[in-house]
Amino acid sequence: MIEDNGKKILVDPGSNKKQLVKALEKKNLKPDDIDAIFITHWHPDHILNIRLFPEVIIFDIDEAFHGDEIKQHHGRILDTNIEIISTPGHDINHASLLVDTDKGAIAIAGDVFWWEDKEKQETDLQDLIAHKDEYVENMTELCVSRKKLLKLADYIIPGHGKMFSVKKGL
Ligand SMILES: [Zn+2]
Ligand SMILES: [Zn+2]
């Protein structure tokens, strides 16, 4: 979850209802307190929990959906400075978020970067760029997207795995 300009934005709510509700409760939040949801890509493990938020506006790479209304988002989430960046490859219609914070730029990268549950996270630049993705739709585009995020971000939150800091040198 990101908080910016008084808004609470949830990214990829996932598919485990119990876990999500618990995580929100820990922050004293209910699903109704969320102002917007961003979907990096429409794989079931990233999206099934949108059913808990029928009234919330949903952003993806192309548009924003609110009930049966479709709106343009012009590359930003609501009236925040959170930037929506096209990052195809794992999925052709995949986007990431870039968030400016006191600690630096944080990319919420969805499955541009992801690891199996027990896999070791290698975070050297070359390992990150070449890391195997067994669900990839276009490896060439995925590599371009990975380089793009590694250049823009100081920290990356992967779709599966832990946040890591970006080693400079690209
Ligand atoms: Zn995926
Ligand atoms: Zn995934």
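How are the donor residues of the zinc ion (ligand 1) spaced in sequence? The donors follow the pattern H-x1-H-x46-H-x20-D. The notes below concern a predicted model, in which local features need pLDDT of at least 70, side-chain atom pairs count only at pLDDT 80 or more, and totals for chains, interfaces and linings use all residues. Residues are numbered from 1 along each chain as its sequence is written, chains are lettered from A and ligands numbered from 1 in the order in which they are written, and side-chain values use heavy atoms, with hydrogens and water left out.

1. Zinc ion (ligand 1). Its donors are H41 (NE2), H43 (ND1), H90 (NE2) and D111 (OD), at 2.1 to 2.2 Å. Donors here are N, O and S atoms within 2.8 Å of the metal (3.2 Å for Na, K and Ca); water is not among the atoms, so sites may look incomplete. The angles among the four donor atoms run from 91 to 169°, and the site is irregular. Under the rule applied, four donors count as tetrahedral if all angles lie between 85 and 135 degrees; four count as square planar and six as octahedral if opposite donors are over 155 degrees apart and all others between 65 and 115; anything else is irregular.

2. D111 coordinates both zinc ions, ligand 1 and ligand 2, which are 3.4 Å apart. Helices (H or I, at least four residues) and strands (E, at least two) are DSSP runs, numbered from the N terminus. H41 is buried, at a relative accessible area of 0%, and D111 is buried at 3%. Buried means under 20% relative accessible area, exposed over 50%, and partly exposed in between (1.4 Å probe, protein chains only).

3. Zinc ion (ligand 2). This ion is coordinated by H46 (NE2), D111 (OD) and H160 (NE2), at 2.1 Å. Along the chain these donors are spaced H-x64-D-x48-H. H46 lies in helix α2 and H160 in the loop between β10 (155-157) and β11 (164-165), so this pair ties together parts that are 114 residues apart in sequence. H46 is buried, with a relative accessible area of 4%, whereas H160 is partly exposed at 24%.

4. Surroundings of H46. The side chain of H46 makes polar contacts with the side chains of D111 (3.0 Å) and H160 (3.3 Å). A polar contact is a pair of N or O atoms within 3.5 Å; within protein, one must be able to donate a hydrogen and the other to accept it, and residues adjacent in sequence count only if both atoms are side-chain atoms. Not counting residues up to four places away in sequence, H46 touches residues including D12, P13, T40 and G159; contact means heavy atoms within 4.5 Å.

5. A buried aspartate. D12 is placed in the loop between β2 (7-11) and α1 (17-26). D12 is buried yet has no salt bridge, and the nearest side chain of opposite charge, R51, is 14 Å away. The side chain of D12 does make a polar contact with the side chain of T40 (2.6 Å). Residues touched by D12, leaving out those up to four places away in sequence, are F38, I39, T40, H46 and G110.

6. Salt bridges. The count is four, a salt bridge being a side-chain nitrogen of Lys or Arg within 4 Å of a carboxyl oxygen of Asp or Glu. One of them joins K7 and D79, with the closest N and O atoms 3.2 Å apart. That pair links distant parts of the chain, with K7 in strand β2 and D79 in the loop between β6 (69-72) and β7 (83-86), 72 residues apart. Both residues are partly exposed, K7 at 23% relative accessibility and D79 at 46%. D124 and K167 also meet in a salt bridge (2.7 Å, N to O). D124 is in the loop between β9 and α3 and K167 in the segment after β11, 43 residues apart.

Key:
Lys, Arg positive; Asp, Glu negative; His and termini not counted.
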